[in-house]
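Keep the structure open beside you as you read.

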Amino acid sequence: MQRYQLFIDGQFRDAAGGNWFDSWNPFTGEVWAQVAAGTAEDVERAVQAAHRAFTSGPWPALSHSQRGALLRRLGELIARDAEKLAETEVRDNGKLIAEMRGQLNYIPQWFHYFGGLADKVQGAVIPLDKQDYFNFTRHEPVGVVAAITPWNSPLLLTAWKIAPALAAGCTVVLKPSEFTSASTLEFVKLFEEAGFPPGVVNVVTGFGKDVGTPLVEHPLVRKISFTGSDATGRAINQAAAGHFKRVSLELGGKSPNIVFADANLEDAVNGAVSGIFAATGQTCIAGSRLLLQDSIHDAFLDKLTALARTARMGNPLEAGTQVGPVTTRQQYDKVLGYIDVAKQDGARLVMGGAPAERPECGRGWFIEPTIFADVNNKMRIAQEEVFGPVLSVIRFKDEDEAVAIANDSAYGLGAGVWTGDIGRAFRMSARIQSGTVWVNTYRAVSYMSPFGGYKDSGLGRENGMDAIHEYLQVKSVWINTGAKTGNPFTMR
């Protein structure tokens, strides 16, 4: 049994209340670690430490290039410890070791990229319409950032937030999900070794009402970056408005994966399976609505079902496993509830639809890969985010109907288009209301390309050059180079 403490002002320490909570292994169904249960008092300590680090001491005195060098060093340390961090994530959230190794080997690139970008954000000299004045702009860090991450890909989404925040010169208080805190606490051990001053990054673990709420509401927090449900994101946005705090919200999705008859069907079948089952459906960009053109619907569904039935379920730490468990017991129950709702609403169950009772699944929270056909886009299974291995298959006739179905959603995070027609690829990517559109691929992301949602899928952008500006504010500086001040009552 491992124990993980809070990380505040460069030191690991117990929570102020002295309490702990259990972390469960989704594969074994057993407790494997205990994590400190933070309180509002711990949040206060962490935010004050981050504020001190932002306003005084070595961090604000560093040059942009020096900050960048620290980020690049951190990336090197993550690469060194990638295997250990990946295994911790698997024990904590049940994701496949192959996926977690891939993520941990890729995460260093976020710190190399934003480390390189730290000294390349430039202001501008404004060509004014006024003589004898010189005007230029500065990009300055917003201050203390609250970064709140979910349980499905804790370290990847942590990197998405803190790499640009630190490159901008901000300081951070991290609040990981109470279901998957261990990998974040292993990760922050690297900050001192990389050379970051105390207080620049802090971690307070615990529950929403005890940690998340006081963190969001703290007056010294000037920016909130959150990934999670749209309901929680809406509450955070409302709370932030009271203090005019900046927010970045990466929320839910009900992404359409659209296959036209002229697509390479083998590639599209693989893309559909990858879009929904490869991560057990536990990703905000899951291609959970599969739109199939009438003429290929039946044949495609047969190929899809045949491939999905070959999925190897079992221990996520074994390299050959293809579908792992659902991360939490609560989510497991929620997914099974949605399966029941789909049946009641008249969707046709093609495969799955039940807990996976296989010897290789042990006592874990496994659900069979599930496919529903004859789905109407008005059904709850097509409108609400399930966040599990459940696919809804919907027919369409032509481009116009595909676009209408795709956009008939409160969400707009991701979408896939499978076609052999380049003109159609451009038309569809322009018409779909979504922050990302993939053509003849699915779930591709990069530190270099912006990511975020339309509509209820959120606000702001992560990754790419757009991300660093989420953590900067613009200052306009005016210098009088010789103009007389004139009448103070009329001057402007």
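## Tyr338 and its partners

Leaving out residues up to four places away in sequence, Tyr338 touches Arg380, Ile381, Glu384, Glu385 and Val386; contact here means heavy atoms within 4.5 Å. Tyr338 itself sits in helix α14, which covers residues 329–344. Helices are DSSP runs of H or I with at least four residues, strands are DSSP runs of E with at least two, and both are numbered from the N terminus.

Is Tyr338 buried or exposed? Its relative accessible area is 11%, so Tyr338 is buried. The cut-offs are under 20% relative accessible area for buried and over 50% for exposed, with partly exposed in between (1.4 Å probe, protein chains only). For a sense of distance, the C-alpha atoms of Tyr338 and Ala240 are 32 Å apart in space, and the two residues are 98 apart in sequence.

## What kind of model this is

This is a predicted model, in which local features need pLDDT of at least 70 and side-chain atom pairs count only at pLDDT 80 or more, while totals for chains, interfaces and linings use all residues. Residues are numbered from 1 along each chain as its sequence is written, and side-chain values use heavy atoms, with hydrogens and water left out.

## The whole protein

The protein contains 18 helices and 22 strands. Its radius of gyration is 24 Å, which agrees with the value near 23 Å that a compact globule of 492 residues would have. That radius is taken over C-alpha atoms, and the globule rule is 2.2 Å times the number of residues to the power 0.38. Along the principal axes, the C-alpha atoms fill a box of roughly 80 × 60 × 40 Å.

Of the 492 residues, 56% are buried. Among contacts between residues at least 6 apart in sequence, 74% join residues at least 24 apart. The accessible surface is about 19800 Å², and 51% of that surface belongs to carbon and sulfur atoms; these areas come from the Shrake-Rupley method with a 1.4 Å probe, and for residues only the protein chains shown count as cover.

UniProt, in an unreviewed entry, lists residues 15–477 as "domain: Aldehyde dehydrogenase". Over that range the chain is 40% helix and 20% strand, with the end C-alpha atoms 44 Å apart. The unreviewed entry also lists Glu250 under "active site". UniProt positions follow the numbering used here, feature names are shortened, and annotations may be inferred rather than shown by experiment.

Glu250 lies in strand β11, residues 246–250, and is buried because its relative accessible area is 4%. Which residues does Glu250 touch, not counting those up to four places away in sequence? They are Phe226, Thr227, Gly228, Cys284, Leu413, Phe451, Ser457 and Glu462.

## Thr227, a contact of Glu250

Thr227 is in strand β10, residues 221–227, and counts as buried at 5% relative accessibility. Setting aside neighbours within four places in sequence, its contacts are Ile148, Thr149, Pro150, Leu157, Lys161, Glu250 and Glu462. The C-alpha atoms of Thr227 and Cys284 are separated by 9.3 Å, although these residues are 57 apart along the chain.

Ala49 belongs to helix α1, residues 40–55, and is buried at 1% relative accessibility. Beyond residues up to four places away in sequence, Ala49 touches Ile8, Asp9, Gly199 and Asn202.

Glu140 is in strand β6, residues 133–141, and is buried with a relative accessible area of 16%. With residues up to four places away again left out, Glu140 touches Tyr471, Leu472, Gln473 and Lys475. Glu140 and Gly123 are 17 residues apart in sequence, and their C-alpha atoms are 9.8 Å apart.

## Two positive phi angles

Most residues other than glycine have a negative phi. Asp374, however, has a positive phi near 55 degrees. Asp374 is found in the loop between β15 (370–373) and α15 (380–383), and is partly exposed at 43% relative accessibility.

Phe387 also has a positive phi, near 60 degrees. Where is Phe387 placed? Its place is in the loop between α15 and β16 (390–396). Phe387 is buried, with a relative accessible area of 15%.
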